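Student: I'm new to this one. Could you take me on a close look at a single part, the place where the two chains meet?

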Amino acid sequence: MIIGMVTGQVYSTIGHPFYRAKALLLVEREDASGGRTGAYILAVDTVGAGVGQRVLVLDEGTGGRQVMGSANGPVKSVIVGIVDDVTHS
Amino acid sequence: MLLGRVVGVVVPAVVYDGLAGVPMLLVQPLDRSGEPEGRAIVAADSTRMAGPGEVVYYEGGREAALSLDPWFVPVDHAIIGIVDDVVREPR
């Protein structure tokens, strides 16, 4: 899984039926020290995350479909948590 | 998934079984700000509605083929939807 910051939301009318009525968020990946890497990913929200929140993103198809309860939806990246804090050692 | 802009239409002469009639579009990947980044790819268009100039979101890997019908086809990138708008946080 990866940690990132939600920095935007994608709105779409025409798309695969799987994504109908699902929130698609733009998540910018963080590096190990919490800085932004410049890389991003679009992920389906399952936890009610919003812009400005740090989130945990599952980036794997089979697990993503399990979370979404879909046998063959074209989904890979799913937001599965909201991060309060990361303690570095 | 990532954002991309459709920059061309690919017209295959011969395709593998199951891909006949599936639109193939040339997609320029975009960065987090919507600027072009990296090399263009060819993506199958599962919406069958995307066209040049439009911003789309696309998936790579096995999930790309899952967006198509039939889904057991040799495709590594597919357009999943057309973007109306991306609302970004103010910087």
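This is a predicted model: local features need pLDDT of at least 70, side-chain atom pairs count only at pLDDT 80 or more; totals for chains, interfaces and linings use all residues.

Tutor: Let's start with the head count: 25 residues of chain A are in contact with 26 residues of chain B. On the chain A side, strands E1 (2–11), E2 (24–30) and E3 (36–45) each put in at least two residues. E1(A) gives the largest share, five residues. Sort the chain A side by class and you get ten nonpolar residues, 13 polar ones and two charged ones.

Now zoom in on E1(A). This strand pairs with strand E6 of chain B, residues 85–88, in the antiparallel sense, over four bridges.

What does the rest of chain B look like? Chain B has one helix and six strands, and along the sequence they run β-β-β-β-α-β-β. Its radius of gyration is 13 Å, close to the 12 Å that the globule rule gives for 91 residues, so chain B is as compact as a globular protein of that length. Its C-alpha trace spans about 50 × 20 × 20 Å along the principal axes, and 36% of the 91 residues count as buried.

One last stop in chain B is B:Pro12, in the loop between strand E1 (2–10) and strand E2 (24–29). B:Pro12 counts as exposed because it has 12 other C-beta atoms within 10 Å. Its C-alpha atom is 7.9 Å from that of B:Met24, twelve residues apart along the chain.

Technical notes. Residues are numbered from 1 along each chain as its sequence is written. Chains are lettered from A and ligands numbered from 1 in the order in which they are written. Two residues are in contact if their C-beta atoms, placed from the backbone, lie within 7 Å. Ala, Val, Leu, Ile, Met, Phe, Trp, Tyr, Cys and Pro count as nonpolar, Asp, Glu, Lys and Arg as charged, and the others, Gly among them, as polar. Two strands pair if DSSP finds at least two bridges between them. A residue is buried if 20 or more other C-beta atoms lie within 10 Å of its own, exposed if 12 or fewer, and partly exposed in between; C-beta atoms are placed from the backbone. The radius of gyration is taken over C-alpha atoms; the globule rule is 2.2 Å times the number of residues to the power 0.38.
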